[in-house]
Amino acid sequence: MGTFERYLSLWVALAMLVGLGIGVMAPGLVQAIAAAEVASINLVVAVLIWAMVYPMMVGVDFGAISGVARQPKGLIVTLAVNWLIKPFTMALMAVLFFDYVFAPWIAPEDAAQYTAGLILLGAAPCTAMVFVWSQLTRGDATYTLVQVSVNDIIMVFAFAPIVAFLLGVTEISVPWETLVLATVLYVVLPLIAGLLTRRALGSQQAVERFTARVKPWSVVGLIATVAILFGLHGEVILARPLVIVLIAVPILVQSYGIFALAYGAAYALKVPHRIAAPCAMIGTSNFFELAVAVAISLFGLNSGAALATVVGVLVEVPVMLSLVAFANRTRARFPAA
């Protein structure tokens, strides 16, 4: 990684502070950004995420997609972790911490709300940000696209039943508009733009030169996104710091545990690092737009469930950056092919 990327954790930390400062000192600006929403998706954040995803989409070689079938292990690990393990371990972590470990500090009704929010997070694997994490670990852009696309297809059918089962209810109102719009914004449109760019550039050498030029803007987009997210939720963070910390604990345990499981499985199966790193990142990261939207639609904007999903957003970037650094340090332990 370059110097700027090497100190990415520092820039993100500064972006968090700037975001909090903007939230306190310029609430009108934050309200204007918050108002730019369609189907519970903030359009300002969507544009920045699009900018982050686009450089990697330029690197997607459609001619190589058929090669994914020759290396199915990474996809198998991703699907097994995302749909057979992660939602249930997240629910277990939530119950363990909120009903038992933190019981002296959290009222039972609040504990139930926080548990519901974490269940929503655990059942929604990442769609957009994983392209950034994959790029930072020099992941295979084509394979990552296939992994995300398959997860999105499964999510359409599996998200509501899994959430309904874990929440113990019979009907879940899933905002399909949010799900569809997020997929179009974060996957389909950047993919089309990347395909058109590849065709316009012509040669692979030109593609590589172009990608090298636009890659820094992907990191800039990440930093700007963090600042905006902290600006949007700064009031909550400052008003309830202890609750934020308590909610963050099971998310942290779950995130590092899921990464260890997926990354360890990929290592045991001798999956190449360019596939193994994104494979573990997808399982660790969350589709926070969907989780937040469903929490608000089911429990209300000021509910504990909505607060828990927002904490998931705040925790994700620092956690994922630490895992990116770990994955890069352990690259040599995986097969290179």
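Residues 24 or more positions apart account for 87% of the contacts in the chain with a separation of 6 or more, a contact being heavy atoms within 4.5 Å. The chain has 337 residues, and 53% of them are buried, where buried means under 20% relative accessible area, exposed over 50% and partly exposed in between (1.4 Å probe, protein chains only). There are 14 helices and two strands; helices (H or I, at least four residues) and strands (E, at least two) are DSSP runs, numbered from the N terminus.

This is a predicted model, in which local features need pLDDT of at least 70 and side-chain atom pairs count only at pLDDT 80 or more, while totals for chains, interfaces and linings use all residues. Residues are numbered from 1 along each chain as its sequence is written, and side-chain values use heavy atoms, with hydrogens and water left out.

**Helix packing: H6 with H8**

- Helix H6 (residues 108–122) packs on helix H8 (residues 141–167) at an angle of about 155 degrees, with the axes 10 Å apart. Axes are lines fitted to C-alpha atoms, for helices over the stretch in contact, and angles run from 0 to 180 degrees between N-to-C directions.
- H6 is therefore roughly antiparallel to H8. Angles over 145 degrees count as roughly antiparallel, under 35 as roughly parallel, 65 to 115 as roughly perpendicular and the rest as oblique.
- The crossing of H6 and H8 is right-handed; a crossing is right-handed if the near helix is turned clockwise from the far one by less than a right angle, and left-handed if anticlockwise.
- On the H6 side, Ala116, Ile119 and Leu120 meet Phe159, Val163, Leu166 and Leu167 of H8.
- The contact of H6 with H8 has seven nonpolar residues, no polar and no charged ones. Here Ala, Val, Leu, Ile, Met, Phe, Trp, Tyr, Cys and Pro count as nonpolar, Asp, Glu, Lys and Arg as charged, and the others, Gly among them, as polar.

**Helix packing: H10 with H14**

- Helix H10 (residues 204–239) and helix H14 (residues 304–329) have axes 11 Å apart and pack at an angle of about 140 degrees.
- That angle makes H10 oblique to H14.
- H10 and H14 cross in a left-handed sense.
- H10 contributes Val226, Leu229, Phe230, His233, Val236 and Ile237 to the contact, and H14 contributes Leu307, Val310, Val313, Leu314 and Val317.
- By class, 10 residues of the contact between H10 and H14 are nonpolar, one is polar and none is charged.

**Aromatic pairs**

- The count of aromatic pairs is nine. Rings of Phe, Tyr and Trp (its six-membered ring) pair if their centres lie within 6.5 Å; planes under 30 degrees apart count as stacked, over 60 as edge-to-face and the rest as tilted.
- Phe97 and Phe102 form a tilted pair, at 5.5 Å centre to centre and 45 degrees between the planes. Phe97 counts as buried because its relative accessibility is 12%, and Phe102 counts as buried at 9%.
- Phe259 and Tyr263 form a stacked pair, at 4.9 Å centre to centre and 25 degrees between the planes.
- Phe259 and Tyr263 are four residues apart in helix H11 (residues 241–268), so about one helical turn separates them. Phe259 and Tyr263 are both buried.
- One aromatic cluster is formed by Phe259, Tyr263, Tyr267, Phe326 and Phe334.

- Pro125 lies in the loop between H6 and helix H7 (129–136), and counts as buried at 1% relative accessibility.
- Pro125 and Asn286 are 161 residues apart along the chain, yet their C-alpha atoms are separated by 4.6 Å.
- Not counting residues up to four places away in sequence, Pro125 touches Asn82, Trp83, Lys86, Asn151, Met155, Ile282, Ser285, Asn286 and Phe287.
- Asn151 is in helix H8 and counts as buried, with a relative accessibility of 0%.
- With residues up to four places away in sequence again left out, Asn151 touches Thr78, Leu79, Asn82, Trp83, Pro125 and Ile282.

**Positive phi in loops**

- Arg138, in the loop between H7 and H8, is a residue other than glycine with a positive phi, near 55 degrees. Arg138 is exposed, with a relative accessible area of 57%.
- Lys270 lies in the loop between H11 and helix H12 (273–284). Lys270 is not a glycine but has a positive phi of about 60 degrees, and is exposed at a relative accessible area of 62%.
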